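Hi,

Here is the structure I promised to pass on. My notes follow below it.

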Amino acid sequence: MVGFEIDLKEFNLTDVLQFLAQLKKTGLVRVLGEVSGEIYIKDGVVVHATDGTEKGMEALLNLFFAALNKAVFEPNLHCGEQTITEEAGRLYQTIEKRRMEFNEIKEKLPPRDTVLAKSTRDLESAVALRRTDWQILALIDGKRTLNEVIVQSKLGGYEAIKTIIWLKEQGLIYDPKEAERVMSVLTNYLKNLLRVFGKHTINWLKRWSELAPQNKEFAANITIHEEDMEIEYGHPVSKESIHQFIEKFNEFINEEGPQLYGKLLFKKKLEEIEKGV
């Protein structure tokens with residue numbers, strides 16, 4: 001079999017490696033894109049991977065989760081080291097498991113146009129930082145967007161995002177506008193309700209707050225001025241608390257709404273809400 005080149009915008013890396021596995025080929029797959037690297041296979045089994053920064057499974061995962069352009073297979077090239085020992089079936093199970101974990105991690109990531117900032121903590125004494133942590137920290141200057149940090153780090157999406165989330169959880173970097181952005185979710189939700197249901201929204205909020213102590217505590221932080229329907233907050237609340245409130249308050253409205261408007265009219269009003277969202 002001669003070498004070949006394949007467009008990874010049309011196919012994915014799994015397709016390429018599984019094709020070579022079926023043919024039990026030995027050689028090198030050069031991967032080019034957001035991250036460039038090399039994957040060696042022997043008799044169809046992946047035995048080594050590098051992305052220029054990491055080796056082994058971490059490098060392979062980084063290549064799998066990066067935006068790739070093309071792959072070039074060069075047959076009959078052998079690698080002098082073996083950093084991956086898992087058999088094919090288990091290897092792809094591991095990749096799929098890590099893909100699901102990665103998708104969960106990405107949920108914690110701010111929008112890609114966010115400009116992150118370093119905290120005032122003493123970085124050297126705060127925690128033991130890895131080389132990849134310092135690579136990310138060097139790019140966070142209060143000017144670069146999150147997307148620019150990920151691309152310019154040349155770590156690839158998987159490693160860069162994982163590192164950014166870790167640094168954020170350690171309090172070493174932060175999003176200066178996070179509280180504002182999180183509270184805007186609640187503001188937009190309430191404004192949409194006020195637009196469609198008017199002052200009934202305020203009455204529902206008062207009644208909902210009487211159902212449980214935690215409801216009362218949450219509602220006490222919200223002030224809606226009836227004259228102009230402007231919304232004020234006593235203090236910011238967490239994203240999780242806002243999502244819980246929206247879920248519970250929607251359930252309450254779905255019980256109360258049909259009694260006030262009738263089922264048909266209430267259904268139309270819900271459709272107005274959906275259009276607003």
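What is the mean pLDDT of the protein, and what share of its residues reach 70 or more? The mean is 88, and 96% of the residues get to 70 or more, pLDDT being the predictor's confidence in each residue, from 0 to 100. This is a predicted model, so local features need pLDDT of at least 70 and side-chain atom pairs count only at pLDDT 80 or more, while totals for chains, interfaces and linings use all residues. Numbering runs from 1 along each chain as its sequence is written, and side-chain values use heavy atoms, with hydrogens and water left out.

Confidence is lowest in helix 4 (residues 123-126), at a mean of 57, and highest in helix 9 (residues 200-209), at 95. Helices (H or I, at least four residues) and strands (E, at least two) are DSSP runs, numbered from the N terminus. Where pLDDT is low, the predicted coordinates should not be read in detail.

Asn 76 has a positive phi of about 65° and sits in the loop between strand 5 (68-75) and helix 3 (88-107). Asn 76 is exposed because its relative accessible area is 59% (exposed is over 50%, buried under 20%, partly exposed in between, with a 1.4 Å probe and protein chains only). Met 229 has a positive phi near 60°, in the loop between strand 8 (222-224) and strand 9; at 22%, Met 229 is partly exposed.

Lastly, Tyr 174 is in strand 7 (residues 173-174), and the C-alpha atoms of Tyr 174 and Pro 213 are 32 Å apart.

Cheers
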